[in-house]
Every structure is written in structure tokens, then in C-alpha cells.
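Please look over the sequence and the structure shown here before reading on. The report that follows begins with the overall fold and ends with a single residue.

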Amino acid sequence: MLLGLLATIEIVQRITDQLNGALFPVVVDSATLGNVERLKVVLLQGTRLSLAMVLPIATGLALLAEPVVLLWVGPQFRASVPVIQILA
């Protein structure tokens with residue numbers, strides 16, 4: 001379970017990094033040319049895409065925090081579960 005979760009997080013992180021890499025030149029170009037409307041659209045769409053990819057993982061981590069902590073570092077770290085849930 002833990003390995004599957006970590007693999008999913010890594011895949012989403014890579015996709016998000018690629019998305020950011022693709023959007024950065026468009027954002028810079030729009031800002032340089034003073035195209036505020038295009039800049040707004042690109043930033044809004046990029047934010048929505050990033051949120052759509054990250055939100056399911058954060059929700060999953062919040063819901064599965066206790067079993068992940070117990071499998072990963074053991075019961076002596078059970079007190080960290082609420083912190084992980086809040087930060088997720």
C-alpha cells in the first residue's frame with residue numbers, strides 16, 4: 001500500500017512539473033507582451049489543473065494517514081497522524 005501511494009505521488013509530481021515547465025514560457029511571454037487577459041486565463045487553467053491532480057492525493061493522504069504512518073515508521077509515531085492530516 002505504501003509503495004503504491006509513493007508511486008502515485010511521484011507520478012503526479014512529475015506531471016505537475018511538466019505542466020509547470022510547459023506553462024512557464026507562456027506566462028513569461030504573456031507578461032512580457034502585456035497580454036493580461038491571456039495571462040489570467042493561463043494562470044487560472046494551470047491552477048485548476050494542478051489542483052485537480054493534487055487534491056485527490058491530499059485527500060487520500062489525509063484519510064490514510066494512520067495506516068501509512070504505522071506501516072512506514074511504526075506505532076511510536078502515531079501522534080504525528082493529526083499533523084499529517086492537517087498538512088495534507
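## Helices and strands

Helices, as runs of at least four residues, and strands, as runs of at least two, are assigned by DSSP and numbered from the N terminus. In this predicted model, the protein has 4 helices and 0 strands, and reading along the sequence gives the pattern α-α-α-α.

## Overall shape

How does the radius of gyration of the protein stand beside that of a compact globule of 88 residues? The protein has 18 Å, whereas such a globule would have a value near 12 Å. Along its principal axes, the C-alpha trace of the protein spans about 55 × 20 × 15 Å.

## Burial, surface and contacts

Of the 88 residues in the protein, 19% are buried. The protein exposes about 6300 Å², and carbon and sulfur atoms supply 71% of that area.

When contacts between residues at least 6 apart in sequence are considered, 48% of them join residues that are at least 24 apart.

## A look at T16

The residue T16 lies in helix α1, which covers residues 2-33. Is T16 buried or exposed? T16 counts as buried because its relative accessible area is 14%, and the cut-off for buried is under 20%. Leaving aside neighbours within four places in sequence, T16 is in contact with S50 and M53.

Note on methods:
Residues are numbered from 1 along each chain as its sequence is written. This is a predicted model: local features need pLDDT of at least 70, side-chain atom pairs count only at pLDDT 80 or more; totals for chains, interfaces and linings use all residues. Side-chain values use heavy atoms; hydrogens and water are left out. The radius of gyration is taken over C-alpha atoms; the globule rule is 2.2 Å times the number of residues to the power 0.38. Buried means under 20% relative accessible area, exposed over 50%, partly exposed in between (1.4 Å probe, protein chains only). Contact means heavy atoms within 4.5 Å. Accessible areas come from the Shrake-Rupley method with a 1.4 Å probe; for residues, only the protein chains shown count as cover.
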